[in-house]
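Q: Please take a close look at a single part of this model and describe it in one connected answer.

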2 protein chains.
Amino acid sequence: MTAKRLVVIGGDAAGMSAASKVRREDPLREIVVIERSPHTSYSACGMPYLIAGLVDSTEQLVARTPEKFREKYNIDARVLHEVTELDLNGQRLRVSNLVNGSETWERYDQLLIATGAEAVLPLMQDSDSDGIFGLSTLASGIRIQQFIEQVLPRRAVVVGGGYIGLEMAEALVRRGLQVSLVEKGEQVMGTLDPDMGEMVSESLREIGVTLYLNESLTGYEAVNGLVTGVVTDQRTLPADLVIVGLGTRPNTSLAAAAGITLGEKGSIRVNPRMQSSASGVWAAGDCAESFHLVSRRPFYIALGTVANKQGTVAGINLAGGYATFPGVVGTAVSKICKYEVARTGLMEREIHDLGLLSSTATIKSKTRAGYYPGAGWITVKLLAEQGSGRLLGGQIVGLEGAAKRIDVLATAITAGMTAQQLADLDLSYAPPFSPVWDPVQTAARQLLNKIV
Amino acid sequence: MTAKRLVVIGGDAAGMSAASKVRREDPLREIVVIERSPHTSYSACGMPYLIAGLVDSTEQLVARTPEKFREKYNIDARVLHEVTELDLNGQRLRVSNLVNGSETWERYDQLLIATGAEAVLPLMQDSDSDGIFGLSTLASGIRIQQFIEQVLPRRAVVVGGGYIGLEMAEALVRRGLQVSLVEKGEQVMGTLDPDMGEMVSESLREIGVTLYLNESLTGYEAVNGLVTGVVTDQRTLPADLVIVGLGTRPNTSLAAAAGITLGEKGSIRVNPRMQSSASGVWAAGDCAESFHLVSRRPFYIALGTVANKQGTVAGINLAGGYATFPGVVGTAVSKICKYEVARTGLMEREIHDLGLLSSTATIKSKTRAGYYPGAGWITVKLLAEQGSGRLLGGQIVGLEGAAKRIDVLATAITAGMTAQQLADLDLSYAPPFSPVWDPVQTAARQLLNKIV
């Protein structure tokens, strides 16, 4: 076992979870990690808070440095090195040193592809201008931070109203910028149904973000290579800084070029043990496919939770153990302005597209007993299958203390519970934490009274 | 159906949940509620916060007044009336008007006993003195409030370190009293294992409560009928006010006298539809038995959540529908000084008493991402069955944002999940709400690495 040389491409959540797991199981294994950025094991999710000034330094977002991996874990973490070719037959990788340009071939016995995802940045008129940023790596976050400090932009336009776009819009308002947001959907937060997304839209307007909904990016304007405007299908918005939050795309060109089978949205298809179609080659994290436990279909999602779980599973298997990744239910949470926003399972559009029939209940309740100081509003939307009552999805928008309730719904959905079973659960109650019926149960009770 | 006359004994959570449910299903049914206190539908759990001054007025704790029940729901809610005899053969109740002393017999077709529970107040030397209070009804809370305002006690002794005792100890410190607490166990919060309870003990000492652990109440001292001291098996503590928090006992003397079968701790034995052993007589709430879904045994618990659920089930059945109450997993939560404290399932002693074998993991983590402002410590203890890995219980002590995570454990335990399934759950993550592995999953992962 210890003879096998493990090479990991990508030094963030999935790659380093796997490498650390293998190291714990096998103290003698040779482990090499190739990472093109200067950073390992960082919290990409923390970047909006760094830019907002809520987190003091980039270092706080780095869980473990390459030095720590080398010294403490005996993992050869080579940052600023990029894999440029994967030779499956020869079991080797072409690696380019990004500092001095030198190239080497690295042999592997086992390979884990954990190349993550990158921000989608559509090629358009002047899209290569300075001042236009995606946000996916720590390096991209640092570049935005530096741009703000050096160029002192006044007007920012965020393109895309997903959670990264919204967190960034709020962060930029905190930094004193004038912020507009362009979203092609009818509301922001397209992972919520529009009736729930509308509340989030409203909370952004309240802090001064100008929303342009039902409006699509068509290009940019620039002067001397520096962005000056965002062009949509309806207007041109002046901009000194543009954040493009149009989602992420798995970094799988290397795998694709080598002939490895891809799946949903170009992610690497894997079996539950995280093995790819190529012998000895595994994949995990934002570059790998997942499975949706409600739709029962392959699913692509780029989230740190999933990357850590897939990385751990891959690590156990690479070390000679046996583990499987069972899939996801699409849980996500975010803090947007005054609201905590959370979702799990399927939303109305997804349910419709699958040909399932659902009943819906949306209730407004409180996060604490109504008389307890700090009780805030919470709206819970619950979707269940008609006929069976099986829970299909849930969405929450509310004030402090609202969001983490989504985990009860995620657990109940995973267990295949019905609305009745959710209403019957022995959930906790005390006035500082909840009304006597937890809001998720109030929603379930409401659902039970629905006729279709 | 509408011919049946429903009489409910007890006008709080269970009784009024049932009465309201029957009214919704059957607008014409005659519904009479007999309640010996002046109040209906109040939050007994809110009383410590009223006494602490966090809630302004008693009225805030009353969800619906007798007048509202009469006027809006056409429910004949007779407060200050007490049932003194139950004649099962004659299908009638002897009712005493507590204001004028008059007595009547009330006929019923259906009877719901929802008489609740009362504070255990052991008869001892001088135990009938003024200044000694239990806390179970809103009326008892008001009496404590008035005593504090009129007698201006300086030194309070709380007897019993359960959640009511602890919440009251904290409330009295907030009111400026010097507070001691006597607890016969080795730590306060006997519904937690001692290692978890110890943290709670410490948090009470931090706010100035003097704890006397491993010490039992043996009597009181009084002068002119007013309490002056609490006598334990080790000392006498001077006291101007005594709160006795030695648990509650179901109010079932009426049912017992009529020959209705009792169960755990003297509560009324019911089937899952909440029917008692007597034809046409139902029971719900703090006077009724429950069922524990982990121990698989009858179980007695006096909690508002259970009372509301049992009342709803009884109401549906009384209205001619069909519903069952599936049981509880023993979930409870409380805010004690700086800590949020929660528990569900079985604790170590209960597991041992059942003859089950368990593995344990206790982890310390954070309530938010470590770098996010306001991240606080949280300790999670998880108990799982050896061999199967099935979750048996969980306990949480932590700072703000810790407690409601117990609901994920309660849901997972109800679903029969294993530690592995808990670790695999797709729970939510964003830096303001959680580390990337939620603390409950970190505990599950720790448990998976345990050998026995």
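A: What follows is a description of one residue and its surroundings, and then of how the two chains are related.

This is a predicted model, in which local features need pLDDT of at least 70 and side-chain atom pairs count only at pLDDT 80 or more, whereas totals for chains, interfaces and linings use all residues. Residues are numbered from 1 along each chain as its sequence is written, and side-chain values use heavy atoms, with hydrogens and water left out.

The part in question is Arg343(B), which lies in strand S22 of chain B, residues 339-345 (strands being DSSP runs of E with at least two residues, numbered from the N terminus). Arg343(B) counts as buried because its relative accessibility is 8%, the limit for buried being under 20% relative accessible area with a 1.4 Å probe and protein chains only. Its side chain is joined to that of Glu350(B) by a polar contact of 3.4 Å, a term for a pair of N or O atoms within 3.5 Å of which, within protein, one must be able to donate a hydrogen and the other to accept it. When residues up to four places away in sequence are not counted, Arg343(B) touches Thr191(B), Leu192(B), Gly330(B), Thr331(B), Ala332(B), Glu350(B), Gly394(B), Gln395(B) and Ile406(B), where contact means heavy atoms within 4.5 Å.

As for the chain that holds this residue, chain B can be laid on chain A with an RMSD of 0.0 Å by a turn of 180° and a shift of 0.0 Å along the axis, which is the relation of a two-fold axis. This superposition is by least squares on the C-alpha atoms of residues with pLDDT of at least 70 in both copies.

Conventions: Chains lettered and ligands numbered in written order. Helix = DSSP H or I, 4+ residues; strand = E, 2+ residues; numbered from the N terminus. Buried < 20%, exposed > 50% of the residue type's maximum accessible area, 1.4 Å probe, protein only.
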